Amino acid sequence: MSAKTTPALTAAEVLALPAMTTAEQAFAALGIGRDLGYKLIRQQEFPLAVVPLGRALRVRRVDLLAFLGLENSDAARGPALTASRERNNETAAKQIGSAR
């Protein structure tokens, strides 16, 4: 019998995770299986801080993004930054258009 492998989440899927992801969502983002993930948590070797909330184990998305090197992406910063950049682009386009 072979171990079931699950593909890692894409960057877009990781960015869409909630602020406090489940441990299993974190495992999927890291591309590791459930058994290995829980084993690492039990051995205190999981690479991210795990927050127990009752019986549930959670991982902060911000920590997951930093670990995966995604913390600097526009999507990680939220819709406010994207809207701000769009307004700046529109303003720059108007300024360039009026300079002609």
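Which residue in β3 does Pro52 stand opposite? Pro52 stands opposite Leu57. Before going further, keep in mind that this is a predicted model, where local features need pLDDT of at least 70, side-chain atom pairs count only at pLDDT 80 or more, and totals for chains, interfaces and linings use all residues. Residues are numbered from 1 along each chain as its sequence is written, and side-chain values use heavy atoms, with hydrogens and water left out.

Let's start with the strands. Strand β2 (residues 51–53) pairs with β3 in the antiparallel sense over 3 bridges; pairing here takes at least two bridges found by DSSP between two strands. Helices (H or I, at least four residues) and strands (E, at least two) are DSSP runs, numbered from the N terminus. The hairpin of β2 and β3 has 2 residues between the strands, and Gly54 takes a positive phi near 65° there. Strand β3 (residues 56–60) also pairs with β1 (residues 20–22), again antiparallel and over 3 bridges. In that pairing, Thr21 has Val59 as its bridge partner in β3.

Now for the helices. Helix α2 (residues 23–30) packs against helix α3 (residues 34–42) at an angle of about 110°, with the axes 9 Å apart. Axes are lines fitted to C-alpha atoms, for helices over the stretch in contact, and angles run from 0 to 180 degrees between N-to-C directions. The two helices, α2 and α3, are therefore roughly perpendicular to each other (65 to 115 degrees; under 35 is roughly parallel, over 145 roughly antiparallel, the rest oblique). On the α2 side, the contact (heavy atoms within 4.5 Å) is made by Ala23, Glu24 and Phe27, and on the α3 side by Arg34, Gly37, Tyr38 and Ile41.
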